[in-house]
Amino acid sequence: MTRHLLAAAFLTVVMGLTGPGLAVQPDEMLSDPAQEARARALSAEIRCLVCQNQSIDDSDASLARDLRLLVREQITAGKTDQGIRDFLVERYGAFVLLKPPVNASTWLLWFGPLIVFILGVIGLTMFFRNRAQSGAPAATARLNADEQARIARLLDDMEHGSESHESGDHGKGDKP
Amino acid sequence: MKRLLFIAPLVLFLGIAGYLGFGLTRDSSILPSTLIDKPAPTFDLEALIPDGKGLKTDDLKGRVALVNVFASWCVPCRAEHPIWMRVATQEKIPIYGLNWKDKRSDAIAWLEELGDPYERIGFDPDHKGGVEWGVYGAPETYVIDRDGRVRFKYVGPVFSETLNETILPLVRKLQETP
């Protein structure tokens with residue numbers, strides 16, 4: 001049982017470390033797999049400032065390598081993940097995090113789409129309400145005497161055969 | 001009131017288009033420094049040149065100075081280098097070098113070839129000093145005031161225009177304020 005577990009752990013580590021397109025070089029890695037896993041997870045959140053849309057975990061830039069080593073050094077030194085994030089944000093600004101933090105300057109970024117959605121819902125609600133209000137009186141209005149008479153004639157026609165239909169004279173009922 | 005509602009989408013569109021259009025005029029590769037108006041970071045770098053002077057935080061106090069991040073492998077650094085030679089001979093501003101991610105022998109050869117405008121040069125082969133400054137490329141240039149605070153950062157090579165219109169006026173202003 002333990003042998004299986006060991007084999008599974010070994011495979012997980014080996015497969016984890018040999019994933020596709022790794023920028024992390026073997027000589028950078030920490031010997032403790034748990035710490036290395038933390039470093040990998042944290043590196044994936046940190047922007048490479050040279051290539052900007054890659055994380056330092058993905059990037060082959062030499063600055064990214066320096067930052068990967070710095071992350072690992074600080075992990076070994078016992079710093080928390082948040083402590084390392086704070087260290088980098090202090091020096092490079094919040095831009096260094098691929099996921100922007102929620103604060104006063106990013107409220108529009110985070111909640112803008114929600115606000116636009118809510119405005120859209122309010123707009124649509126108002127639109128349909130208006131339409132229902134202006135449409136409703138017409139739909140429920142009583143027919144006047146003329147219209148009643150026309151309906152009676154039409155119903156009468158339908159009951160007594162359909163000569164008018166066969167003749168194609170759809171307008172017959174309209175004749176006074 | 002109804003009519004106002006009809007133009008609301010147009011106003012909203014123009015607002016968003018204007019905002020995003022303004023965003024396009026900004027160069028996203030230039031990051032604002034988090035150090036502006038803050039004390040220079042804590043760092044201590046050994047001298048690049050064996051019998052020269054190194055660079056550390058306390059060296060930045062007392063005079064208005066420039067800190068220039070450079071490397072021998074950096075082509076724009078070579079392009080801006082004559083500017084620093086000119087400042088070193090014509091202006092009363094110390095220039096401190098931060099030799100970033102370089103090989104010592106390469107950097108020394110580079111200075112021997114082009115001239116050395118720096119009063120002090122800190123040697124930073126592994127980004128230990130650079131990370132404190134938020135350096136993400138070379139060249140970068142900082143203006144430091146008399147109290148050792150960072151007042152300005154310029155990313156990319158400095159040419160006459162930036163020097164004469166931005167850096168020197170700021171330096172003069174800082175030198176004049178007691």
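B:C74 and B:C77 form a disulfide, with their sulfur atoms 2.1 Å apart; a disulfide here is a pair of cysteine sulfur atoms within 2.5 Å. The structure holds 1 disulfide over all chains. The torsion about the S-S bond of B:C74 and B:C77 is about 85°, so this disulfide is right-handed. Is B:C74 buried or exposed? B:C74 is buried, and so is B:C77. (Buried means under 20% relative accessible area, exposed means over 50%, and partly exposed lies in between, using a 1.4 Å probe and protein chains only.) Over in chain A, the cysteine A:C48 counts as buried at 1% relative accessibility, whereas A:C51 counts as partly exposed at 30%.

A word on the ground rules: this is a predicted model, where local features need pLDDT of at least 70 and side-chain atom pairs count only at pLDDT 80 or more, while totals for chains, interfaces and linings use all residues. Residues are numbered from 1 along each chain as its sequence is written, chains are lettered from A and ligands numbered from 1 in the order in which they are written, and side-chain values use heavy atoms, with hydrogens and water left out.

**Rings**

A pair of aromatic rings is described by the distance of the centres and the angle of the planes. Rings of Phe, Tyr and Trp (its six-membered ring) pair if their centres lie within 6.5 Å; planes under 30 degrees apart count as stacked, over 60 as edge-to-face and the rest as tilted. By this rule the count comes to 6 aromatic pairs over all chains. One of them is B:W73 with B:W100, a tilted pair at 6.2 Å centre to centre and 45° between the planes. B:W73 lies in the loop between β3 (65-70) and α2 (75-90) of chain B, and B:W100 in strand β4 (residues 95-100) of chain B, so the pair ties together parts that are 27 residues apart in sequence. (Helices, H or I with at least four residues, and strands, E with at least two, are DSSP runs numbered from the N terminus.) B:W73 is partly exposed, with a relative accessible area of 46%, but B:W100 is buried at 2%. Elsewhere in chain B, B:F43, B:W133 and B:Y142 form one aromatic cluster.

Rings can have charged neighbours too. A charge sits over a ring if NZ of Lys or CZ of Arg is within 6 Å of the ring centre and within 35 degrees of the ring normal. B:K101 lies over the face of B:W100, at 5.8 Å from the ring centre. In chain A, the charged end of A:R91 sits over the ring of A:F87, 3.7 Å from its centre.

**Salt bridges**

What else does B:K101 meet? Its side chain and that of A:D66 form a salt bridge, meaning a side-chain nitrogen of Lys or Arg within 4 Å of a carboxyl oxygen of Asp or Glu. B:K101 lies in the loop between β4 and α3 (104-114) of chain B and A:D66 in helix α3 of chain A, so the pair joins two chains. B:K101 is buried at 15% relative accessible area, and A:D66 counts as buried at 13%. A search of the whole structure finds 24 salt bridges over all chains, and the table shows some of them.

| Partners | Distance, N to O |
|---|---|
| B:K101 and A:D66 | 2.3 Å |
| B:E119 and B:R63 | 3.2 Å |
| B:D147 and B:R149 | 3.3 Å |

B:D147 counts as exposed at 52% relative accessibility, and B:R149 as partly exposed at 31%. Salt bridges that share partners join B:D37, B:D145, B:D147, B:R149 and B:R151 into one network. As for the other pair, B:E119 is partly exposed at 38%, and so is B:R63 at 43%.

**A helix in chain A**

Helix α4 (residues 81-92) of chain A has 12 residues and reaches 16 Å from its first C-alpha to its last, close to the 16 Å expected at 1.5 Å a residue; that expected span is 1.5 Å times one less than the number of residues. Which residues of α4(A) are buried? They are A:G83, A:I84, A:R85, A:F87, A:L88, A:R91 and A:Y92. What covers them includes α2 (33-44) and α3 (62-76) of chain A, together with α4 (128-133) of chain B, where contact means heavy atoms within 4.5 Å. Just after α4(A), A:G93 takes a positive phi of about 85°.
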